Amino acid sequence: MTSSAFPLKKEKKSIGRFLLDELKPRGKWLTPFNIISIPVMLVGAAIIVIRFINGIGAVSNVTQDIPWGVWKGFNVITGVAFAGGAYILTFVVYVLKVDKFHSIVRVTVLNGFLAYVFYAGALVLDLGKPWNIFNPIIGNNFGANSVLFLVAWHFLLYIVAQAIEFSPAVAEWLNARRAHKILSGLTLGAVIFGITLSTLHQSGLGALFLMAKEKIHPLWYSEFIPLLFLMSSVFAGLSMVIFEGSISERVFADQITSENKKQRKDIILILSRICAFSMFVYLFMQILVFAHGHRWAYINTPMGYWFLLEMLGFVVVPMLLFLLSFKRANIRWAKVAAVLTIVGIILNRLNVSIIAFRWDAAVHYVPSWMEIVVAVSIVFVEIWIFRWVINRMPVLRESPSWANNKHA
Amino acid sequence: MSIDRRNFFKVLGVTGAGLALGKQAQAEPAGEEVTEFKAILYDSTRCVGCQSCEFSCAEVHNLPEPEDFPEVGVLRKTNEKRRTVVNAYDTSKGEVYVKRQCMHCNQPACGAACLTQAMLKTKEGPVIWRENKCMGCRYCMISCPFDVPKFEYNSPNPKITKCNMCFERQQEGQLPACVENCPAEALMFGTRRELIAEARRRIVENPDAYYPHIYGENEAGGTSFLYLSPVPFEEIGFRTNIQNASYPALTKGFLYSVPAVFVLVPSVLLGIHKATKSNLDKNSNHD
C-alpha cells in the first residue's frame with residue numbers, strides 16, 4: 001500500500017479508496033427506519049453476545065420438548081419461503097425468456113441472496129456448537145441419509161448460485177468489463193442449477209418434519225408436507241416480490257426509470273395472476289390431504305379453528321383478492337393480497353415448526369422478547385445491506401451503457 | 001401371541017442394518033466377525049422403584065444424584081442432568097414402576113436426522129452421541145418419537161445428553177451400570193434376540209402376571225430396550241401411537257426423489273430454454 005512504484009499496486013489502492021468511499025453512508029441519516037432499526041440492532045447485538053457467553057437458554061425460551069424456536073421457525077424456515085421469488089423469477093426471465101420481468105429480476109435475486117446469507121446466519125446463532133458447522137461440508141462426517149444434510153448442502157450451493165446470478169451487477173459497479181463478460185456467461189448455468197436446488201430445499205424444509213409424525217398436530221402433518229412447502233413457496237416468494245417492490249418503488253423512486261415505472265403495474269398484475277393460480281393449486285392439495293387424512297374430526301376443536309383461519313383467512317381470501325386485482329386491473333388489491341399472503345405464510349410455517357409442534361406438550365413455547373429482538377434485528381441488518389447495495393450497484397437503475405445485456 | 005417366530009426374524013432382518021442372525025451367520029464369509037445388537041430387557045413386574053438404576057447412572061456419568069423419588073401422579077422426566085427416571089403409576093393391577101430412558105431404536109430417527117453422524121447407532125446396539133461431530137442443531141430432538149435427546153440450554157458449549165447404554169463400559173466388557181446395580185433383577189442385559197426369547201418365555205410361563213406384549217419388539221421398527229408390563233402400556237405412560245415401521249423410512253421417499261430431481265429438472269429447464277430460444281431468435285435481433 002505504501003509503495004506506488006508498481007502500477008498494479010497503484011490501481012489496487014484506487015480500488016481500495018473507491019470501496020472506502022462506497023462504504024460511507026449516503027443520504028439522510030435520521031430517517032424513521034434508521035431511528036427504529038439502529039437501537040433494535042444494537043440491543044440485538046448485545047443479546048447475541050449474552051447468548052454466546054451463557055448459552056441459548058439465557059436468552060431463549062425453547063424447551064426440551066420444543067427445541068426449535070423463532071430463530072429457526074421464523075428466520076430460517078419462513079425466510080426461505082419468502083426468498084422463493086428468486087427461483088420463480090429467474091425461471092420466467094432466463095428460461096422462459098419473458099422480457100417483461102427483466103427490470104425486477106435483479107432486485108429479486110439480490111433479495112433472495114441476502115435472505116439466504118442472513119438466514120444461514122440465524123442458523124449459526126441457534127446452533128449449540130456453531131464451530132462444528134463445517135463438519136457436514138468437510139471431513140468424513142457425512143450424514144448423507146439426513147434431510148438436514150441435503151438442506152445444508154443445498155443452502156450453501158444455492159448461495160453460490162445466487163452470488164453468480166447477481167455478480168454481473170457487482171462487475172458493473174466496479175467497472176470490471178472483462179469479469180462482467182465472463183460472469184454474465186455463467187448466468188444461465190447458475191439459474192438452472194439454482195432452480196433445481198430451490199425445488200429440493202424448499203420441499204426439503206418441509207421434509208425436515210416428516211419424522212415428527214406424532215409430534216405435529218394431524219391437521220398440519222402429512223406425508224405431503226414437502227410438496228405443500230414447495231407449492232406455497234411460489235406464492236410466498238412472489239407476494240414478497242410484490243410487497244418489496246411496492247416499497248422500493250417509493251424509497252428508491254429516483255433510481256427507477258419512467259419506462260420501468262409504467263411496466264411495474266403490468267408486472268404486478270401478471271404476478272398476482274400467478275399467485276392466484278398457485279394458491280388455487282395449493283388449496284386443492286390441502287383439500288386432498290384433508291379428505292385423504294379423514295381430518296373432519298379435528299375441525300371442531302381450537303386447533304381446528306386455527307387451521308381454518310390459516311386456510312380461509314390467509315389462503316382463500318388473498319387468492320380471491322389476487323383474482324379481483326387481475327380482473328379489475330387494480331394493483332391496490334394485489335398489494336393487500338400480498339400482505340395477507342405473507343402473514344399466511346408466516347402462520348403456516350410457524351404452525352408446522354412451532355405452534356402445532358408438540359401442541360400437546362405440558363409447557364408451551366412462547367418466544368422471549370430477546371429472541372424476537374434478535375429475529376427482527378436479523379431482518380433489519382438484511383434491509384440495511386439491501387439498501388446499501390441498491391444505492392450503489394445497478395440493481396433497480398439501468399446498467400451502464402457498456403454492459404450491453406438486456407439486464408442479465 | 002401376535003408375533004410369531006417368522007415375523008420376529010422378518011423384523012430383525014429388515015431393521016437389523018447389516019446384523020447377521022444365527023441362521024444367516026452360516027452364510028457369512030468365514031473369518032468375518034458377526035455382531036448382534038445388545039439390548040436390555042426391563043421387567044416392570046419385578047421393579048420395586050428403589051432408584052438404584054438412577055443413582056448408579058448418575059454416578060457413572062458424573063451427574064447429580066436424584067433428589068426426588070417415584071410418586072403416583074407425578075411425572076418425572078429425563079433431562080440434561082438425568083438420563084433415566086423411574087415413575088410410579090396407579091394401574092388396574094396396583095402400583096407399577098416404570099424406568100424410562102433412551103429406547104436405542106434399531107433404526108433411530110435421531111441417527112437418520114443427524115447431518116454429521118454425531119448420533120450414531122453402533123453395530124453393538126447402543127445409540128451414542130459424539131461431541132466432536134455435533135453442531136448442536138437439535139434436529140435429533142425434533143425427530144425422536146420418544147422425546148429422548150436433551151440439550152444443555154444453559155451452557156455456552158452445550159451437549160446433547162441421553163442414555164448411551166453405558167457404551168464405554170460395554171467396550172470394557174462391563175454391564176451397563178443400571179443393569180449391574182439392579183437389586184430386583186428387573187433389568188437384564190444380552191443380545192436382542194436372546195432377550196426377546198426370554199421375554200416370551202416369561203409371558204408364556206406366567207400369563208397372568210404379564211400383559212402379552214413386548215414393547216419395543218416392533219415399536220419404531222424395533223428397539224434395543226424391551227419392556228414387559230403387567231398392564232396395557234398406555235396405563236403406564238407409554239405412547240401407543242408409535243408406528244411399527246422405522247421412523248427413518250418416513251423420509252425415504254423424499255431422499256430417493258433427490259437424485260431424480262437432480263437429473264430431470266435441469267434437463268427439462270435446459271429443454272425449455274432451447275425451445276424458447278429458437279422461437280425468439282427470429283424477432284429478438286432488435287435488442
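Student: Is Asp43(B) buried or exposed?
Tutor: Asp43(B) counts as buried, because its relative accessibility is 0%. Keep in mind throughout that this is a predicted model.
Student: Which residue does Asp43(B) form a salt bridge with?
Tutor: The partner is Arg46(B), and the closest N and O atoms are 3.7 Å apart. The cut-off for a salt bridge is 4 Å. Arg46(B) is partly exposed, with a relative accessible area of 30%.
Student: What about Arg76(B), which residue is it bridged to?
Tutor: Arg76(B) pairs with Asp68(B), with 2.9 Å between the closest N and O atoms. Here Arg76(B) is buried, at a relative accessible area of 3%, while Asp68(B) is partly exposed at 31% relative accessibility.
Student: How many salt bridges are there over all chains?
Tutor: A search of the whole structure gives 23. One of the pairs joins two chains: Asp126(A) lies in helix H5 of chain A, residues 102-126, and Arg138(B) sits in the loop between strand S5 (127-129) and helix H5 (139-143) of chain B.
Student: What's the N to O distance for Asp126(A) and Arg138(B)?
Tutor: Their side chains meet at 3.0 Å, N to O. Asp126(A) is buried at 2% relative accessibility, and Arg138(B) is buried too, at 1%.
Student: And which residues are linked in a network of salt bridges?
Tutor: From chain A, the network has Asp65(A), Lys215(A), Arg358(A) and Asp360(A); from chain B, it has Lys77(B), Asp147(B) and Arg239(B).
Student: Changing topic to cysteines. How many disulfides does the structure hold?
Tutor: Zero, over all chains.
Student: OK, over to helix H6 of chain A. Where does it have a kink?
Tutor: At Phe166(A), shortly before the proline Pro168(A), and the kink is about 45 degrees.
Student: What span should H6(A) have, and how far apart are its ends?
Tutor: H6(A) covers residues 147-173, so at 1.5 Å a residue its 27 residues should span 39 Å.
Student: How many residues of H6(A) are buried?
Tutor: 19 of the 27, so H6(A) is mostly covered.
Student: Last one: which residues form the nonpolar patch on the surface?
Tutor: The patch is formed by Phe243(A), Ile247(A), Val251(A), Val339(A) and Val343(A), with about 370 Å² of accessible area together. Helices H8 (225-251) and H12 (331-355) of chain A each supply at least two of its residues.
Student: Which helix gives the most?
Tutor: H8(A) does, with three residues. Val251(A) has its place in that helix, and Val251(A) counts as exposed because its relative accessibility is 51%.

How values were computed: Residues numbered from 1 in each chain as written. Chains lettered and ligands numbered in written order. Predicted model: local features only at pLDDT ≥ 70, side-chain atom pairs only at ≥ 80, totals over all residues. Heavy atoms only, no water. Patch = residues over 30% accessible without salt bridge, like charges linked within 9 Å, V, L, I, M, F, W, Y side chains within 5 Å. Areas by Shrake-Rupley, 256 points an atom, 1.4 Å probe, with all protein chains shown as cover. Helix = DSSP H or I, 4+ residues; strand = E, 2+ residues; numbered from the N terminus. Buried < 20%, exposed > 50% of the residue type's maximum accessible area, 1.4 Å probe, protein only. Disulfide = S-S within 2.5 Å. Expected span 1.5 Å × (residues − 1). Bend = angle between axes of the 7 residues up to and from the residue.
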